[in-house]
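Please keep the sequence and the structure in view while reading.

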Amino acid sequence: MCLLLVRSGAERDFKRPGLFAPMADDAVDSTFAQIRSMKVRGAGRIARAAVSALKAYCESRRFSTTQEFFGGLFAAGEKLRSARPTAVSLPNAVNFVLASARRTQAAGGSLRDSVRAVREVCDAFVDSSLRATKTIGEYGAKRIQDGDVVLTHCNSEAVTSVLTSAHAAGKRFEVIATETRPRFQGRITASVLANRGLDVTLIPDSAVRVYMRKVDTVVVGADAIAANGAVINKIGTSQVALAAHETRARFYVAAESYKLSPMTMTGELVEIEQRSPYEVVPRAWLEANKEVKVRNPAFDVTPPEYIDLIVTERGIFPPQGIILLMKDLYDQPRSV
Ligand code: RI2
């Protein structure tokens, strides 16, 4: 798992205390680069990777003063937060650590205690994220029926947790996974589920409407959920939702509560990431067809009216009710 690669790097740095500032910067810079290039991808994984990089910052350097420690930490958080713009799990995770760090700083403890407190909050976030994925699996599995055909799009840990958990509970169902162009994350889903013994069929994205006639339930993940219950997820999700709506297939979203976007409570929009055209066509093709414009939005928005339920680790909500959870979690729009 990508996260483990990042974490093991961080742990290796910690075990070499003779290496100071450059290692700390390496951990943050390399995690930033891995998130940006999608070597580490998936909204939950990028959140945990960023927090693991903050922990690496704490562990791989000897700081002279608390001011130096906190200054570097806030700068690292700022950088990591900007690695990708759409998945709100990333700023929410970083803000969770930084908000706690601000409280620690205000309490005025020793440098040693401050570093330890921040490390502990990083561990707490990663643990709670992994537990949330497991809990979502248990809750969501109750909504999968024997004999169902379940379609999913892209690759979401929350979704694979639901499907794996339903399979482990002895339910017999078929999974259809879309390829998910242009980066083919559907192949990851298909291979992960097949390795766990599930019955999986991979289809091109363009075949979704053809297969939707036999689909009972769609389960997708989320990169961000807005205050009105709209779900921002991998490009193509809204087309899948439209096709599910046409055939009356159930449409579920599986997402940890840190995918809720608090900024949307005050009217801000979620930025949709535009990625390189070379993910869509080879460079040589574009050079030979210079007059063709290529656009590559990474995400789209599924309106709440196409969604039946959002499964979180804090319970299952209709999209119109997600605002209640959001208000519960975020007393102020920008803080966790
Ligand atoms: P989990 C992914 O984004 C997909 O859109 C996926 O549905 C979503 O994150 C949630 O994934 P990308 O990083 O957090 O592949 O459930 O662009 O794993």
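A cavity is here a set of points, on a 1 Å grid over the protein atoms alone, where a 1.4 Å probe fits but cannot get out. In this predicted model, five cavities of 30 Å³ or more are present.

The largest cavity holds about 210 Å³ of space. Its lining comprises 22 residues, and those closest to the centre are Arg41, Gly42, Ala43, Asn155 and Asp223. Three elements, α3, α7 and β6, each contribute at least two residues to this lining. The largest share comes from α3, with three residues. Sorted by class, the lining of the largest cavity contains six nonpolar, eight polar and eight charged residues.

Around the ligand are 19 residues, of which the closest are Arg41, Gly44, Asp223, Asn233 and Lys234. At least two residues of this shell come from each of α3 (43–59), α7 (157–168) and β6 (231–234). In terms of class, the shell around the ligand consists of six nonpolar, seven polar and six charged residues.

A backbone N or O atom of Glu157 is found 2.7 Å from a ligand oxygen atom. The side chain of Lys259 places an N or O atom 2.9 Å from an oxygen atom of the ligand, and for the side chain of Gln185 the corresponding distance from an N or O atom to a ligand oxygen atom is 3.2 Å. Taken on its own, the ligand has 440 Å² of accessible area, and the protein covers 100% of that area.

Attention may now turn to the second largest cavity, which contains about 60 Å³ of space. Among the residues that line the second largest cavity are Met38, Arg181, Pro182, Arg183, Gln185 and Lys234.

Pro182 belongs to the loop between β2 (174–178) and α8 (185–195). Thr180 is also placed in the loop between β2 and α8, and its phi is near 70 degrees, a positive value in a residue other than glycine. For context, most residues other than glycine have a negative phi, and most peptide bonds are trans.

Notes: Residues are numbered from 1 along each chain as its sequence is written. This is a predicted model: local features need pLDDT of at least 70, side-chain atom pairs count only at pLDDT 80 or more; totals for chains, interfaces and linings use all residues. Side-chain values use heavy atoms; hydrogens and water are left out. A residue is near a molecule or strand if one of its heavy atoms lies within 4 Å of it. A polar contact is a pair of N or O atoms within 3.5 Å; within protein, one must be able to donate a hydrogen and the other to accept it, and residues adjacent in sequence count only if both atoms are side-chain atoms. Accessible areas come from the Shrake-Rupley method with a 1.4 Å probe; for residues, only the protein chains shown count as cover. Helices (H or I, at least four residues) and strands (E, at least two) are DSSP runs, numbered from the N terminus. Ala, Val, Leu, Ile, Met, Phe, Trp, Tyr, Cys and Pro count as nonpolar, Asp, Glu, Lys and Arg as charged, and the others, Gly among them, as polar. On a 1 Å grid over the protein atoms alone, a cavity is a set of points where a 1.4 Å probe fits but cannot get out, and a pocket is an open set with protein on both sides within 12 Å along at least five of seven lines; lining residues have an atom within 4 Å of a point. Grid points are joined across faces, edges and corners, and a volume is the space filled by probe spheres set on the points.
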